[in-house]
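Reader: I am just starting out with protein structures, and I would like a close look at one part. Could you walk me through the place where the ligand sits and the strands that go with it?

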Amino acid sequence: MGIETVPLGETLGAEIRGVDLRHRLDEKVAEAVRTAWHEHLVLLFRGAPLSDQKLIDFTLGLGDLEFPPSKILNLAGGPAIGSDIPSEINVISNVKENGKPIGHLGASEATWHTDSAFVEVPPAGSILHALEVPPSGGNTSFLNMYAAYETLPDALRSRIDGKKIKHDQTYTSAGGRRHGYDAVTDIREAPGPWHPAVRTHPETGRKALYLGRRMNGYVEDLSVEENEELLDAIWEHVLQPKFIWEHKWSVGDVLMWDNRCVMHRREAFDDSSRRIMHRTQLAGDRPS
Ligand code: OGA
Ligand code: MN
């Protein structure tokens with residue numbers, strides 16, 4: 001039996017049926033999944049919860065594994081991740097054990113972002129697997145950055161085409177300052193890599209806006225004032241409901257998104273409920 005693709009959002013998102021994530025994908029199925037991914041940008045697989053090893057095996061069936069950003073940046077002071085969890089797994093959770101967080105991002109909103117744009121070679125994809133979900137809240141939304149770029153008014157497009165943006169490493173998408181980083185007082189001096197504001201997807205050849213996140217984004221050569229005005233105008237265009245699809249999680253869901261052409265946001269939820277997600281990362285190329 002072949003795989004079935006059921007579109008979910010208007011411009012992105014699709015559920016894939018007929019793939020058993022408990023068994024290593026054969027190359028034919030993997031190719032069909034990659035093709036659907038390039039067309040729909042975010043894929044949903046439903047099923048029973050997987051072990052970390054199964055999640056890693058599924059990821060390896062689709063490409064090379066990347067480590068979580070805390071490991072790439074060699075960050076100290078992060079959550080005390082249990083020693084039985086493989087170092088390729090990124091725990092996203094608000095749960096605390098013995099007073100210490102077991103994962104990242106807590107229960108507050110994670111503002112619009114693309115994963116790890118603050119490293120030189122960000123992951124192509126993120127694969128997030130729900131193990132425990134709150135009864136309400138904590139939905140994750142996705143935004144099609146091809147469509148955002150293609151519909152950008154000419155007056156804005158000509159100001160951002162060919163420019164580089166600096167992506168600050170100091171803060172997480174939930175707003176927390178990373179251990180060992182000083183507060184940013186001048187966005188032009190913030191630590192982090194420069195990436196092209198418009199990148200070409202290496203597989204599809206399509207162009208997408210690559211904004212990382214709004215906070216402390218800095219477009220090369222601009223004054224701080226010009227930067228704020230330009231980025232505010234671009235973000236106002238980007239954050240339109242027609243580019244967005246929102247997912248409400250069920251236990252067992254696996255969502256796989258393409259960081260090269262999608263941004264995402266996680267809404268807040270009640271911190272007295274538990275949410276535990278395990279994430280793997282597909283290795284990517286330097287944005288160009
Ligand atoms: C992530 C992230 C969103 C969520 O894992 O990169 O932003 O729904 N998480 O937890
Ligand atoms: Mn993220």
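Before going on, a word on the model: it is predicted, local features need pLDDT of at least 70, side-chain atom pairs count only at pLDDT 80 or more, and totals for chains, interfaces and linings use all residues. Residues are numbered from 1 along each chain as its sequence is written, chains are lettered from A and ligands numbered from 1 in the order in which they are written, and side-chain values use heavy atoms, with hydrogens and water left out.

For R275, a polar side-chain atom is 2.7 Å from a ligand oxygen, and for R279, an N or O atom of the side chain is 2.6 Å from one. Taken alone, ligand 1 exposes 290 Å², and the protein buries 99% of that (areas by the Shrake-Rupley method with a 1.4 Å probe; for residues, only the protein chains shown count as cover).

Which other residues are around ligand 1? With a heavy atom within 4 Å as the cut-off, they include H113, D115, T140 and W257.

Now follow H264 into its strand. H264 in β19 stands opposite H113, and both histidines are among the residues around ligand 1. Strand β19 covers residues 262–266 and is joined to β9 by 2 bridges, the two running antiparallel. Strands are DSSP runs (E, at least two residues; helices are H or I, at least four), numbered from the N terminus, and two of them pair if DSSP finds at least two bridges between them. In general, strands of a sheet pair through backbone hydrogen bonds, either parallel or antiparallel.

Stepping back, β9 and β19 belong to an open sheet of 4 strands, in the order β9-β19-β11-β17, with antiparallel pairing. At its edges are β9 (110–113) and β17 (244–247), each pairing on one side only. Neighbouring strands of this sheet are turned by 15° against each other on average, direction ignored (axes are lines fitted to C-alpha atoms, for helices over the stretch in contact, and angles run from 0 to 180 degrees between N-to-C directions).

Terms used. A polar contact is a pair of N or O atoms within 3.5 Å; within protein, one must be able to donate a hydrogen and the other to accept it, and residues adjacent in sequence count only if both atoms are side-chain atoms.
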